[in-house]
Structure formats: C-alpha cells, structure tokens
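Have the viewer open as you read.

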Amino acid sequence: MSGGPFAGAVALRATSADAFVGRTQPVPWPKAYGGDLLAQAVAAATRTVAEDRALNAAHTLFVSPATVGGSVDISVATLRDGRSYSTRQVTAREGERIVAVTLASFHVGEESALAAATPMPAAPAPDDVPGAAAALAGERGPAAEYWSSGRGFELRHVEGAPYVRPVPGGGERMRVWIRADAAIPAGQPAHRAALAYVCDYAMLEPALSATGLHWTRPGLVTASTDHALWIHADVRADEWMLCTLDLVHLGSGRATVRGEFHAADGTHVASAVQQGVIRLNPTTEERS
C-alpha cells in the first residue's frame, strides 16, 4: 500500500529489536486519531514474534491524547512465547508521557472440530450504499474533506452517517461497509494491522445515533478510552467488510459499543468492543 494515512502510521523505524519510532498522521482535530496508536502497537508487536503466528487479540488503554503529527516511541516487552501463543506488552510514549498501552496475543492457528459464529446480518450491497463523499456533497471545510477522501478507507453507512447531521430515525445499531482505498500488501500482518487501524473510526457512532447527535454538534466531546479487538479468521482489509455496531451502554459520560466484522462472503472475521468518553458540554450560546 503506497502512501495514505495507514501506511504512514505503520511506517515504523526500528531502533532496536523491540523498540520503534512511529508518527501520528494529520487529522483536522486537536488530538491524534486513536487508530494510529492501535495499528502501531499491532505492527510493532508483530515484528517481535515468529512468522508462524498471527495476531488474535489486542487490548488497548488510551492513557493520554497523542499530538497530531507527533513522534511516538514504541517499546515491546515479551511476556511469553509458548508453543501455541505469544504475548506482548506494547507501551507508546510521547516524550516521557505514556499515551497508550496494549496487550497483544499471537496464535499459531489450529484446526478445530468445534465451530460456531455470529451470523452476518442482512444488509444492502456496498455498491447500493452511498459513500462519505456522497453523504457530504455540498459540505466544505477540513473535516468534510477528511471524511470524504482523507482517511485512506471508504466507509459506507447503511443507516446514514452522523457527520454533520443526526442519523435519520436514530437507533442503537449501525451497519457500515469498510474497505481500504488502495491495495494492502499480501500477508496477514498488514491486513490485521489495517483492521486495527480502521476499526476505531466509527465505533462510537451508535451512541451519537441513539441520542440524535452528530460529530460536528457544538459542545460534543468524544475520546476513545479503551479498545479490545479479537480476530477470528484471515482478514482482507482491501476488500469489503461489513461492520455491525451495537450500543451496549451509554451513561456516566461513557459509551460502550460492540462491533462484529464480516467479510462480504459472510465469514465472521473479527469482534471488537470499545469504550469512550462522550459528553455534551454547554456551548457559549446555550450558556448565555
């Protein structure tokens, strides 16, 4: 994958066998995109394990906001290398400040007679769902440009996207088709890191949909606080995946959302749960 924010995020420079330097990518917000840190942690940990095992789980706590365009020092600690699993702890720092901590698990893979999966929900084909550029037609400004063409991934919201207006009809479930804009290099390391990168984009949106909010609502404050990702099968992030997001709970200034990812053929490839801050602070007009 040449260029693009995902490629930039995972272009890590090794300073030793278990230490790397990355850089967060440009976004039109005051703080860096959390998916940068997720993908960097996965990419760094992957480079410290044997090639016979692939990422099966990653659990991240976002400790403090990262600076847009900032340099991130990433250290990887080996917790265990077993016959079937390897476990790593990844710490991302900006200067002396910790910005994220990730526990990552890698598995050699195995055949099993025991198998069951969450079925893929019904959804219109991605070609029948408008993309971000169509949803934002006529909108101007850095945010609209970024959502339309600056993310490196195309997101097509079946229920409608809460970019600049509430989702019609609201609801606690959102279905989103996701695909990278360009080909991603062959092999699961890049595709699983790409899934870690993109899965942070829409995770909190069911909380916005359920409450009639949208990303540009004055006074809205959001931030990812922790994120868990489990990968069940091989991922192709440059082919369409359906992400089904369900609001689990909203209250106490936090939202918890569960996500299920299916390949277009129905294969259940991954699950995720994210909790994030969501607050609606009074605006200047509302306080006056």
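## The second largest pocket

Strand 3 is the top contributor to the lining of the second largest pocket, giving 3 residues. Before going on, a word on the source: this is a predicted model, where local features need pLDDT of at least 70, side-chain atom pairs count only at pLDDT 80 or more, and totals for chains, interfaces and linings use all residues. Residues are numbered from 1 along each chain as its sequence is written, and side-chain values use heavy atoms, with hydrogens and water left out. Helices (H or I, at least four residues) and strands (E, at least two) are DSSP runs, numbered from the N terminus.

The second largest pocket comes out at about 650 Å³, and its lining takes in 20 residues, with His107, Glu110, Ile231, His232 and Ala233 nearest the centre. Two elements give two or more residues to that lining: strand 3 (54-62) and strand 9. Sorted by class, the lining holds 10 nonpolar, 6 polar and 4 charged residues. In this sorting Ala, Val, Leu, Ile, Met, Phe, Trp, Tyr, Cys and Pro count as nonpolar, Asp, Glu, Lys and Arg as charged, and the others, Gly among them, as polar.

For the geometry, everything runs on a 1 Å grid over the protein atoms alone: a cavity is a set of points where a 1.4 Å probe fits but cannot get out, a pocket is an open set with protein on both sides within 12 Å along at least five of seven lines, and lining residues have an atom within 4 Å of a point. Grid points are joined across faces, edges and corners, and a volume is the space filled by probe spheres set on the points.

Glu110 sits in the loop between strand 6 (97-107) and helix 3. Is Glu110 buried or exposed? Glu110 is exposed, because its relative accessible area is 58% and the cut-off for exposed is over 50% (buried is under 20%, partly exposed in between, with a 1.4 Å probe and protein chains only).

The side chain of Glu110 makes a polar contact with the side chain of His107, at 3.0 Å. A polar contact here is a pair of N or O atoms within 3.5 Å; within protein, one must be able to donate a hydrogen and the other to accept it, and residues adjacent in sequence count only if both atoms are side-chain atoms. Ser84 is 26 residues from Glu110 along the chain, and their C-alpha atoms are 8.8 Å apart.

## The largest pocket

The largest pocket has a volume of about 820 Å³. Its lining counts 29 residues, and Trp29, Lys31, Trp215, Thr222 and Ala223 lie nearest the centre. Which element supplies the largest share of this lining? That's strand 9, with 5 residues. Helix 2 (34-46), helix 4 (142-150) and strand 9 each put in at least two. By class, the count is 19 nonpolar, 6 polar and 4 charged.

The buried residues of helix 4 are Ala143, Ala144, Tyr146 and Trp147. They lie on the same side of helix 4 because they cover an arc of only 165° around the axis, the arc being that of the directions from the helix axis to the C-beta atoms. These buried residues pack against helix 3 (132-135).

The face turned away from the buried side of helix 4 carries the exposed residues Pro142, Glu145 and Ser149. After helix 4 comes Gly152, with a positive phi near 80°.

Asp238 is in the loop between strand 9 (220-231) and strand 10 (241-251). With a relative accessible area of 13%, Asp238 is buried. The side chain of Asp238 has a polar atom 3.0 Å from the backbone nitrogen of Ile184, and makes a polar contact with the side chain of Arg236 (3.0 Å).

Not counting residues up to four places away in sequence, Asp238 touches Arg179, Ala180, Ala182, Ala183, Ile184 and His191, where contact means heavy atoms within 4.5 Å.
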